Amino acid sequence: MASDHSLSSSSLSAGEKMTEAIPVTDHGNKPTLATQILDDKSSLTKIGSQNQSTEANIFPEPEVEAEADLEKSGAIPRSNVAPGGVNPADFPDGGLEAWLVVLGGWCSLFCSFGWINCIGVFQEYYQTNLLSQYSPSTVSWIPSLEVSMMFLGGPIFGKVFDTFGPRYLLLIGTFFHVFGLMMASLSTEYYQFLLSQGMCSSLGASAVFYASMSSVGTWFFKNRAAAFGVMASGSSLGGVIFPIFVSKLIPQIGFPWTMRAAAFMILGMLGIANFTVKSRLTPKPKKFDIMEFITPLREPAFALICAASFLFFFGTFLPFNYIILQAQKHGMSNNLSVYVVSILNAASIFGRILPGIFADRIGRFNVMIMTTGFSAIIVFALWLPSASNAPIIVFALLYGFSSGAFVSLAPSLLAQISPIREIGVRSGTLFAIVSIAGLTGNPIGGALLSKDHGDFLYLQIFCGATMTAGTLVFVASRWVQCGFKMKII
């Protein structure tokens, strides 16, 4: 820049430096303000949560904030910023209001993803009781549809969040989630379970999930992965409580009233979420443009994150869905086997929180690669050869911890390489792609189970192979940003 040498004057204030260093456009061929900020890579290299080679990170911000070394807890000078607070210095990164949003998000994930995490109980119950006339692959379409609908609503709900904020998503999502479960309590036919539990309830849960995940991202910057981890632990605790809740109440009060009791519990907790979850940013209504969801895929880092998540998710829910049946096949009692999913989800509480805390310090991509790789290893090394109670329970503990990191780290990876105003839309793109794997993974597993004459070998190999492929693509996403350098990213 022509006046760069003027910055050496010690008498200039930070605001004067900005004025002299960056000229305003004059409608000619001179560089604009945005162009020079984008070209000034030196101001971007010191923000640890962003990477030069990922264009999604390079969005305009005042130079004084960009020069603050956040990784070293440097003092961040404040300047006049654009409304909406897109600058690192604007994030509260704590405080009562921010942590109340996390509390509401915790309740939301307890009721949404926590409910989805107990799909193994319903697979076992439907397959042996209400829908025993259907094959395992056919029955698995119900929990698979739940998982898929949770993520398929992403593009729509992400856009609604960016345009209107979380309020309407939470209200409407609460209604449909509870209404769907009430209708499931009245269901007796296969198609009724598909419509009520597989579609209606899970679409409501999806709206609640996206409203909460996107809101928390607007309040945290340096501690974002930790905040996501604390919030995501709600899904793990829900996955501990709901399987025991359902399996113990059905023999006592019957399936219909068990579903109604679960719906009333969910209604109470989502009431808390409706009062506490809010976005820090003022909504900016915009016209719907499908290209908003497609354009980010041109960025290599984002496209590879989507591909890695798709592959990893093919296998993620197979243990959740089939581990009870596998345990019973190898001699575990029915009374103990219903606790296996709860054990898995209990371990994932720590898997949601601890990796997020470490990720903020040693790099979110680094921790994601380690935890997804470990998940693939224990599927091959422990779940595949397990044939008795002890190794199955140990696998549930280890897999719960390692796979739990995926849910909390995926949004923080996406937020790390994206402009904050696009987090909702980009989350929608990512999870819509993931929903395809969620929809087809369990039925493929059920088909492999039938192909293997009731044995689980083919299913377990498929699970481990897809997780391994996902881990390698996460490595590729890191590589396009910084190569194989030992770096916090």
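These exercises walk through a predicted model of one protein chain.

**Exercise 1. Get an overview of the chain: how many helices and strands are there, and what share of the residues is buried?**

Step 1. Start with the secondary structure. The chain has 20 helices and zero strands.

Step 2. Turn to burial. The chain has 489 residues, and 58% of them count as buried.

Step 3. Look at the contacts. Take those between residues at least 6 apart in sequence; 79% of them join residues at least 24 apart.

Step 4. Finish with the surface. The accessible surface comes to about 19200 Å². Carbon and sulfur atoms account for 68% of this area.

**Exercise 2. Describe helix 11: what is its span, and where is its kink centred?**

Step 1. Find the helix. Helix 11 covers residues 190-217, which is 28 residues.

Step 2. Check the span. From first C-alpha to last, helix 11 reaches 39 Å.

Step 3. Look for a bend. Helix 11 has a kink of about 30°, centred on S202.

**Exercise 3. Examine the salt bridges: how many does a search of the whole structure find?**

Step 1. Count them. The search finds four salt bridges.

Step 2. Take K278 and E97. Their side chains meet in a salt bridge, with N and O 2.6 Å apart. This pair links distant parts of the chain, 181 residues apart. K278 lies in the loop between helix 12 (224-276) and helix 13 (291-294), while E97 belongs to helix 4 (residues 96-111).

Step 3. K278 has 34% relative accessibility, so K278 counts as partly exposed. E97 is at 40%, so E97 is partly exposed too.

Step 4. Take R426 and E299. They form a salt bridge whose closest N and O atoms are 2.9 Å apart. This pair also joins distant parts of the chain, at 127 residues apart. R426 sits in helix 19 (residues 423-451), and E299 in the loop between helix 13 and helix 14 (300-329). R426 and E299 are buried.

Step 5. Take R364 and D360. Their closest N and O atoms are 2.9 Å apart, again in a salt bridge. Both residues are buried.

**Exercise 4. Trace the nonpolar patch on the surface: which helix gives the most to it?**

Step 1. List the members. They are F164, Y168, L171, I172, F175, F176, F179, M183 and L186. Together they have about 920 Å² of accessible area.

Step 2. Locate the main contributor. Helix 10 (residues 167-185) gives the most, with seven residues.

Step 3. Recall a general point about helices. An α-helix has 3.6 residues a turn, so residues three or four places apart point the same way.

Step 4. Pick one member. F175 is in helix 10. F175 has 49% relative accessibility, so F175 counts as partly exposed. The cut-off for exposed is over 50%.

Conventions: Residues numbered from 1 in each chain as written. Predicted model: local features only at pLDDT ≥ 70, side-chain atom pairs only at ≥ 80, totals over all residues. Heavy atoms only, no water. Helix = DSSP H or I, 4+ residues; strand = E, 2+ residues; numbered from the N terminus. Expected span 1.5 Å × (residues − 1). Bend = angle between axes of the 7 residues up to and from the residue. Buried < 20%, exposed > 50% of the residue type's maximum accessible area, 1.4 Å probe, protein only. Contact = heavy atoms within 4.5 Å. Areas by Shrake-Rupley, 256 points an atom, 1.4 Å probe, with all protein chains shown as cover. Patch = residues over 30% accessible without salt bridge, like charges linked within 9 Å, V, L, I, M, F, W, Y side chains within 5 Å.
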